[in-house]
Amino acid sequence: MSLPQLDHLLNSDAALVVAFSGGLDSTVLLHHMLAWQQHHPQIRLRALHVHHGLSPNADAWAAHCVAICQQWQLSCEVLRVNVDSREQGIEAAARQARYQALSGALKPDEILVTAQHLDDQCETLLLALKRGSGPAGLAAMPKAMQLGNHRLLRPLLDISRQVLEDYAHKHQLIWIEDESNQDVRYDRNFLRQRLLPELLTRWPHFAEATARSAALCGEQEQLLDELLSEQLQSLVQADGSLTFTELLNFSDVRVNALLRRWIAGQGGKMPSRDALKRIHQEVMLSREDAQPRLQLGHFEIRRFRQQLYWLPVQESLRNSELSWPDLNDSLTLPPNLGSLQADHSENVLRQPTAGEHVFVRFQAQGYLHLVNRAGGREMKKLWQELNVPPWQRERIPLIFYNQTLVCAPGLFVTREGATVDAHGWQAIWHKQ
């Protein structure tokens, strides 16, 4: 067994980190990469072990991995994670927690190497078929991809589990067996224990054939990426929003392909066909004065002035109120909004009177008269004039004296809040 693809994937001074579970696959990978490093001494190599805490044997597994690495004179760091399966299955939750931990533990120049092999690739494609995935899902796992700011390599994807077992026996390797791998309640285990043995008995090269199908699907997706790249770039704005008016003249197939790539570019998961249909009908085609929103998991799609926005779902602040008793102190705002500070060198707002208390709230209604503006404005109209999207309007700190709105920092000052002498101040919003 050899890993020739590593030679052309890596620089001569690469820093490699193996995700080391202690099972057969990652044990073979780490052993083989240690041998490979002997021919490339400039390569740096270490291991990371993720401790999920899901098995009573988890502590023993971590100790095993540390001991093996000590024997092989390699560094091994144990990463402890908590798996929250309330919003998804235990398999998906464990996988998400694992990759988050691994990504967070990587140093800036390091490359993560994982041990998925040919049989894993076959299982991944069959699971994608079960979900009704399109070509992107059926492309299964690529040999090389980005994981946040790091590269992720899977050098064993062309190698079967049987070859790995033969290698392990030849080199007298010791590995651990996760007892949960026998539990066929989990989809991947059902495929591994029940379905794939039958398929491989009937068609010995079934795994290789599915890998070729996955590669072809991947090539199709890459070709679509190239063909649609220029058009997508022309539609995506600097803030990440998507101008959708041009899409209304396209076929559903092209619209869906562009929407998928835009959402992927925003860091979102691949939407279902039903979700794409709802984006088109409920968001893009809603009436002009509507404020449509469609939630997809922890994110939502919003529309504002012919633009689509991909946004994290955030808790409403419309009923929140903060007291600012001492203007000499900064005021911490709700998470991700930063803080407010009073600048007494600026003469913009009048000082509150003895009977007035300063509050910060996140919604206002009614008719406003602004400094240096003729006439009045309804609050909704004012937000529109200021080009503030609906979802941002309740996340802008509004300063009140008692129940009177005096300003939105950096946006407007009302006549009721305007300075009347030379002893005014200004509210400065330090955004995160």
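Helices (H or I, at least four residues) and strands (E, at least two) are here DSSP runs, numbered from the N terminus. The structure is a predicted model, in which local features need pLDDT of at least 70 and side-chain atom pairs count only at pLDDT 80 or more, while totals for chains, interfaces and linings use all residues. Residues are numbered from 1 along each chain as its sequence is written, and side-chain values use heavy atoms, with hydrogens and water left out.

**The sheet and its helices**

- Four strands form an open sheet in the order β7-β10-β9-β8 with antiparallel pairing, where two strands pair if DSSP finds at least two bridges between them.
- Because β7 (242–243) and β8 (293–296) stand at the edges with a single partner strand each, one side of each is left without a neighbour in the sheet.
- Strand β7 is joined by 2 bridges to the antiparallel strand β10 (residues 307–312), and leucine 242 has leucine 308 in β10 as its bridge partner.
- Helix α10 (residues 252–265) lies across β7, β9 (299–304) and β10, at about 40° to β10; axes are lines fitted to C-alpha atoms, for helices over the stretch in contact (heavy atoms within 4.5 Å), and angles run from 0 to 180 degrees between N-to-C directions.
- Helix α11 (residues 273–284) packs on the sheet, touching β8, β9 and β10, and its direction makes about 160° with that of β8.

**Cysteines**

- The structure holds 0 disulfides, a disulfide being a pair of cysteine sulfur atoms within 2.5 Å.
- Cysteine 65 is in no disulfide, and the nearest cysteine sulfur, that of cysteine 76, is 5.7 Å away.
- Cysteine 76 is likewise in no disulfide, with the nearest cysteine sulfur, that of cysteine 69, 4.0 Å away.
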